[in-house]
Amino acid sequence: MQKVVVGLSGGVDSSVAALILKKKGYEVIGLFMHNWEEEEESYNHYKCTWKEDSIDAMLVAKQLNIPFQVIEMKNEYKKHIINYMFNEYRLGKTPNPDILCNRKIKFSIFLKKALDLGADLIATGHYVNKKKIVKNRKTIYRLLIGKDLNKDQSYFLCQLTQYQLEKSLFPLGLLTKNQVRKIAKIHKLWNAHKKESQGLCFVGKINLFNFLKKKITPKKGEIVCINSNASVYQEKKIFSSKEEELFFLSRKKKYKKSDGKIIGYHQGAFSFTKGQRKGIALGGYKEALFVIDTDVKENIVYTGMGKKHPGLYRKSLFIHEKNIHWVRKDLTLFEGEKMNVLCRIRYRQPLQKSKLYKIKKGMFIEFESMQCAITEGQFAVWYLGKELIGSGIISMILYFVIFLKIEFIL
């Protein structure tokens with residue numbers, strides 16, 4: 001009988017995961033991660049629910065007759081997730097703390113604590129599947145899309161390693177959310193009707209501006225609207241290689257205030273993200289305004305009118321070498337190699353046909369169709385069929401001087 005530690009969050013998914021494992025004969029232990037301080041609610045307009053969640057987790061553990069414990073991980077969470085968020089926003093990037101939380105907290109620190117308790121494995125309520133194959137006499141773990149395509153959470157696990165997959169179970173991978181709810185109701189679990197949690201992992205729903213201003217001082221700045229016919233969109237180049245073309249297509253547009261006109265003011269460019277529509281708080285235009293870029297150094301938010309504005313779209317992105325991660329290391333690309341894949345640049349985005357191009361300094365992803373709001377700091381994730389094989393943090397290319405072969409990358 002293997003011992004499995006389940007990360008009980010107080011929600012229905014992790015609770016049903018624990019129930020399924022117990023019915024399969026595992027020795028199950030429930031652990032609740034306390035990652036957020038009560039006094040930090042000042043970041044929030046909403047009530048932090050960690051106390052209620054921990055009670056729900058305890059009551060479910062009691063129903064299942066499994067051991068339960070609350071483990072303190074506030075310092076680790078602040079160090080690896082909260083500080084990371086502040087640093088990324090300060091640099092004008094848009095981080096994905098949920099992905100980092102899985103890599104650094106749930107499947108790293110939490111995994112180690114579970115193994116220290118004598119566990120063989122950990123389990124979570126993620127909607128993904130794991131399969132094992134043998135290749136060249138070596139065991140390889142595959143991370144596959146969950147059965148419920150509306151709930152598939154493979155994107156959030158895109159940074160896991162083979163070791164982390166080996167030590168993890170995902171009991172909900174072959175179930176839909178409706179089936180999970182039904183199982184919870186049949187077994188009269190305490191939280192069978194509990195609503196899904198929303199917002200930042202372990203923190204909940206937050207007001208981003210209030211959250212960030214605790215560490216980043218608000219400062220009045222200008223909102224500039226760029227016309228869709230502006231000269232910055234009229235650049236045309238002749239390229240001597242595919243690599244030069246991809247660098248050009250992947251680079252971040254360098255806007256100047258003179259490219260458009262000032263239409264309003266904001267309290268901090270750090271709190272705006274590319275593609276954002278809400279929060280600009282300016283009306284009276286024929287079409288909605290969207291954020292097309294931010295300049296945190298000059299504290300300017302650049303906007304464009306309409307969903308089809310050219311400032312929202314690119315066909316290619318770049319990932320710096322240090323930020324490339326292969327779940328399937330046996331499929332790693334080397335310099336000069338290419339691969340046809342399916343890719344997404346945000347959670348729940350339909351998979352997009354694309355091609356990977358490996359160069360010395362990193363890797364390009366070229367999409368078959370234009371992509372809206374490719375955002376530096378976010379994760380691009382690539383699949384072969386239903387298998388997630390790798391991911392990377394989207395890099396920021398500011399300029400590319402073709403004749404000097406110089407690129408400036410943040």
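A polar contact is a pair of N or O atoms within 3.5 Å; within protein, one must be able to donate a hydrogen and the other to accept it, and residues adjacent in sequence count only if both atoms are side-chain atoms. The model is predicted, so local features need pLDDT of at least 70 and side-chain atom pairs count only at pLDDT 80 or more, while totals for chains, interfaces and linings use all residues. Residues are numbered from 1 along each chain as its sequence is written, and side-chain values use heavy atoms, with hydrogens and water left out.

**View 1. Asp148 in the loop between β6 and α5.** The loop runs between β6 (138-145) and α5 (162-166). Helices (H or I, at least four residues) and strands (E, at least two) are DSSP runs, numbered from the N terminus. The side chain of Asp148 reaches two backbone nitrogens: that of Asn150 at 3.1 Å and that of Lys177 at 2.8 Å. Asp148 is buried but has no salt bridge. Lys151 is the nearest side chain of opposite charge, 7.3 Å away. Buried means under 20% relative accessible area, exposed over 50%, and partly exposed in between (1.4 Å probe, protein chains only). A salt bridge is a side-chain nitrogen of Lys or Arg within 4 Å of a carboxyl oxygen of Asp or Glu. For charge, Lys and Arg count as positive and Asp and Glu as negative; His and the chain ends are not counted. Leaving aside neighbours within four places in sequence, Asp148 is in contact (heavy atoms within 4.5 Å) with Tyr127, Leu175, Thr176 and Lys177.

**View 2. Gln153 in the loop between β6 and α5.** Gln153 is buried, with a relative accessible area of 14%. Its side chain reaches the backbone nitrogen of Tyr127 at 2.8 Å. Beyond neighbours within four places in sequence, Gln153 is in contact with Gly125, His126, Tyr127, Val128 and Tyr347.

**View 3. Strand β1, paired with β2.** β1 pairs with β2 (residues 27-34) in the parallel sense, over 5 bridges. Two strands pair if DSSP finds at least two bridges between them. Gly7 has Leu31 of β2 as its bridge partner.

**View 4. An open sheet of 4 strands.** The order is β9-β8-β11-β10, and the pairing is mixed. β9 (260-266) and β10 (289-295) are the edge strands, each pairing on one side only. The twist averages 30 degrees from one strand to the next. Axes are lines fitted to C-alpha atoms, for helices over the stretch in contact, and angles run from 0 to 180 degrees between N-to-C directions. β10 and β11 (residues 300-305) run antiparallel, joined by 6 bridges. Asp295 has Ile300 of β11 as its bridge partner.

**View 5. Positive phi at Asn136 and Asn299.** Most residues other than glycine have a negative phi. Asn136 has a positive phi of about 50 degrees. Asn136 sits in the loop between β5 (128-135) and β6. Asn136 is exposed, at 73% relative accessible area. For Asn299, phi is positive at about 60 degrees. Asn299 belongs to the loop between β10 and β11. Asn299 counts as buried, at 10% relative accessibility.
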